[in-house]
Amino acid sequence: MYLQNIKLRNFRNYAQLSLQFSPQTNIFIGQNAQGKTNLLEAIYVVALVRSHRTSNNQELISWGSDFSKLEAHVQRATTHLTLELILSLAGKKASLNHIEQKKLSSYIGKLNVVLFAPEDLNLIKGAPSIRRRFIDMELGQIDQAYLTNSSRYRQVLRQRNNYLKQLQKKQAHDQVYLDVISDQLAGYGAAVIAARQSFLNKIQQFLQPIHRDITGNQEQITLEYQAPVKDAAVAIDTLYQQLLTKLNQQKQHDIFAGSTSVGPHRDDFRFLVNDNDLQKFGSQGQQRTAVLSLKLAELDLFKEAVGDYPILLLDDVLSELDQFRQTHLLQTIQNRIQTFITTTSLENVDLSVIETPKIFKIKAGGIL
């Protein structure tokens, strides 16, 4: 899989832009605030219909414009795809081969991307919401059922929380209705938990040998899903019953708090190295090695899941890696995966490892 080109109109600081890419390595170089990360963001947005930097679509539309349009041409193993995405104040419209998609879930996954940015180094030491978002974004690209179930879970969760607030304020009194919502929430929640657990188990199979290689066989890494309800060995029906029981047990607590206290929206996962919690006991070097290994494992997981390697986006991350980790990363992806790199200077990139990169010099929303 590779991105042949992208066309932008009214996206961030790009009024109009059309670029052709190398199927190997593409480097966006420029000083800060010139637009190089905006380009990487555009690739991410056209793939996933959302930004990794903001949840507000208005921020993606150029100042003074009513809409933004992104178009990309993608070559997969056996097919050629045209992706089009229009962002406006009214919402999003996505088209595949010029046919508008009624559901965004039928569009997502046609262009697979893996993003590695400096903030990803906080994946281990950051808040649980960062790790939940990681699973949601990566798993959603390869499992349409997960996209659907997680979307419905969020909808029912909002419904339940709104009703809990009504009960809290004595504006409602029918707890039977709360039981009905809880039942629906447990059903979608069980499917989400099962898919997440399966995802972590699968990616771990690729993660462990990569991590052993980088650490010289000195460290063994495992991923552990953390939730009041979890068991990869049981059926979804059992997870549903367990989650429903937890929701019922927490009913009065939730009414008092006006929010739902258990479910996949509060779950987490942790990294263990040699059975030690990396968040609590790992050095910064160990944490960075673990995140790097995880990103490389994603590439192999996507290859197995969809039959193609995804596109790799490296957003100013090479300067955050020491020479050993940077070289390992670049050697691993060389000639296998189309890669986009942003950097303020080519001195931050080990060009001896990259064969004939295509370089774009960016200044003030233009290509020099």
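This is a predicted model: local features need pLDDT of at least 70, side-chain atom pairs count only at pLDDT 80 or more; totals for chains, interfaces and linings use all residues.
1. Start with the layout. The chain splits into domain 1, made of 1-112 plus 308-367, and domain 2, which covers 124-307. On the contact itself, domain 1 puts in 26 residues and domain 2 puts in 20.

2. Next, the buried surface. Domain 1 and domain 2 bury about 2000 Å² between them, and carbon and sulfur atoms account for 60% of that.

3. The salt-bridge rule picks up 2 across the interface of domain 1 and domain 2. There is also a salt bridge between Asp300 and Arg336, with 3.8 Å between the closest N and O atoms. That distance sits inside the 4 Å cut-off used for a salt bridge. As for polar contacts, 5 residue pairs are counted between domain 1 and domain 2, both partners at pLDDT 80 or more.

4. Which elements of domain 1 give two or more residues to the side that touches domain 2? They are helix H1 (36-48) and helix H9 (323-333). H9 gives the most, with 6 residues.

5. Last, the make-up of that face. By class, the side of domain 1 touching domain 2 holds 12 nonpolar, 8 polar and 6 charged residues.

How values were computed. Residues are numbered from 1 along each chain as its sequence is written. Side-chain values use heavy atoms; hydrogens and water are left out. Domain bounds come from an automatic or database domain assignment. Contact means heavy atoms within 4.5 Å. Buried area is the accessible area (1.4 Å probe) that two parts lose on being put together, summed over both. A salt bridge is a side-chain nitrogen of Lys or Arg within 4 Å of a carboxyl oxygen of Asp or Glu. A polar contact is a pair of N or O atoms within 3.5 Å; within protein, one must be able to donate a hydrogen and the other to accept it, and residues adjacent in sequence count only if both atoms are side-chain atoms. Helices (H or I, at least four residues) and strands (E, at least two) are DSSP runs, numbered from the N terminus. Ala, Val, Leu, Ile, Met, Phe, Trp, Tyr, Cys and Pro count as nonpolar, Asp, Glu, Lys and Arg as charged, and the others, Gly among them, as polar.
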